[in-house]
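This report examines selected salt bridges and one region of paired strands. Please keep the sequence and the structure in view while reading.

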Amino acid sequence: MDELAQARVKLNQLEEVARKLLKLLLDVRAIIAAQRANVNELSRTNLRPSTINRLPTEILVIVLDLAIHTRHRPERKQKLAGVCRHWRDVILQTPCFWSTIHVASDASSINTHLERSRGTLLDIVIEGAPRSPSKHLALHPGLETVMTCARRWRSLLVIADYSSDDYLEEEDEELLTDFIANRINHLHFPSLKRVTILPLCDVGYLAFLSTARAPALEHLELHEFMITHDTLNPVAMLKTLRLNFDADPFIDHLLCWSLVRTQTLTKISFTGDTEAFLLQTNSICFPSLMSLELDRVTKTRPILDAIVAPNLEQFNYTFLHCDDSPSVALSGFGSKFTNVRQLSLSRSGRWDGREVHRVDALPFCEAFPGVHHVELDGVDWPYLFDPSPIQSEPGPNSHIRYPIDLWTELKSFTFNGLHDEWLKHDQPMAWLVHRRASGLQQLHVKVKVSNTRVIDRRDIGLYERLKENCTLELDGFSSLGFSGPWNASPTGHSEGLTRLLDQIATSFLVGDISHGWA
């Protein structure tokens, strides 16, 4: 066989091998495609839902309900329903997501809510211009619709819209609250439990609040109110009451208490101008009152003088610069507030240079001798840890050296910031050491800061000494920060050092850091 014939045979052999390899490649590719399809199908059938969608439906409903109802924005529900099909189905099929009805909405939206709420109790929201009759008329169709379901009303929230075009003066002004009352005063609300009215209202016109109209009413909040009638229809046996006296500083407070029955009140909150609160000492009895909040009232002393609350357990006090000093507002009560267990004291805004003085600390501590839990703005109390002028004789009170030693049942102390004077002289430390030496219960001390603060090397000694004498919790602090030689590169910590500091910070900031770290 000549050379040409041999070359042709060799070529044929190679072409045959190429055909076999090509067939094998095509077969493998077909197998790969089939396997890929199989994997994709298995992935679809075995795809695990996201963590939140693995929650039981009851828990998911609670989460979505909080997300929707913490803000009064109707569009929030629509946005959440667009997240995924599962959320949409849950929202569409759960009545509680349709129980809040905004009267200013269009008729279609209101009817949809009434249909999908399936007979559950309703939360009615009315938002409108505070004094514009022409604007009030736009609320009329929606109000007429929800009035047909008055027996289902669970709560009523009235909000004033102070946008510029709504606040123009009109010839015949009418309060939004009067417009509403004129239309619903004749109705019966057997399920109404909570009413919150934010714009100005005349209580005498709100007949729908009376016991005859709303016998189940338990919670009433009036942000701006006045009383122009000599006689008022008493409301039901309230449990909580919040009043703002700014709208009419000359309110007849005795007449005000003819509106509210005091026997069942468990929580009261006052704010605003209380200069005219001139009731006799111990003239108002609240036998069930457990929580009292005085939030930026102009005069505290007349209120505390007038009330009798033998079961009061919680007192929250936010004071103004124009109010009396604590030594005046909180002194001389004897055993009146001995049952108070939770105490919170803070100030509002600037004090125009006025400070809490050394003489304020002792009366403040004497007023609440049985307190268990205290929260204070540390920056307001430079003299809190000064030794007291009290000279204790040998006996059961011989441990009293500081004003706060009068709190013999104290269990926890929360400071919103620490005063610079305390840090200079280690005053909290000296008191904690003295307290521990007296054999009293170890305290849980919490230090909070409003803006995230980095704990640096200078702080470590302070917090180490604190944790030796109490159970220490830090809130609002970030991880430990070091500078100088600790930086492994111009851009910051090395990766290993960062992990180490994060571990230290985690153990330091988890709450109870009474156990050492090393």
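In this predicted model, Asp 295 and Arg 296 form a salt bridge whose closest N and O atoms lie 2.9 Å apart. The two partners differ in their surroundings. Asp 295 has a relative accessible area of 10% and is buried, because the limit for a buried residue is under 20%. Arg 296, with a relative accessible area of 38%, is partly exposed.

A second salt bridge joins the side chains of Lys 446 and Glu 473, with an N to O distance of 3.8 Å. This pair connects distant parts of the chain, for Lys 446 belongs to strand S15 (residues 444-456) and Glu 473 to strand S16 (residues 471-481), 27 residues apart. Glu 473 is partly exposed, its relative accessible area being 22%.

Some salt bridges share partners, and in this way Glu 221, Arg 242, Glu 293, Asp 295 and Arg 296 are joined into one network.

Asp 27 is partly exposed at 36% relative accessibility. Lys 23, by contrast, has a relative accessible area of 52% and is exposed, because exposed residues are those over 50%.

In total, the model contains twelve salt bridges.

| Salt bridge | N to O distance |
|---|---|
| Asp 295 and Arg 296 | 2.9 Å |
| Lys 446 and Glu 473 | 3.8 Å |

The report now turns to the paired strands. Is strand S4 (residues 194-202) mostly covered or mostly uncovered? Strand S4 is mostly covered, since seven of its nine residues are buried. Strand S4 pairs with two strands named here. Strand S3 (residues 153-160) runs parallel to S4 and is joined to it by four bridges; within this pairing, Leu 157 stands opposite Thr 196 in S4. Strand S5 (residues 219-226) also pairs with S4 in the parallel sense, over seven bridges. Here Cys 201 stands opposite Phe 225 in S5.

Note on methods. Residues numbered from 1 in each chain as written. Predicted model: local features only at pLDDT ≥ 70, side-chain atom pairs only at ≥ 80, totals over all residues. Heavy atoms only, no water. Buried < 20%, exposed > 50% of the residue type's maximum accessible area, 1.4 Å probe, protein only. Pairing = 2+ DSSP bridges. Salt bridge = Lys/Arg side-chain N within 4 Å of Asp/Glu carboxyl O.
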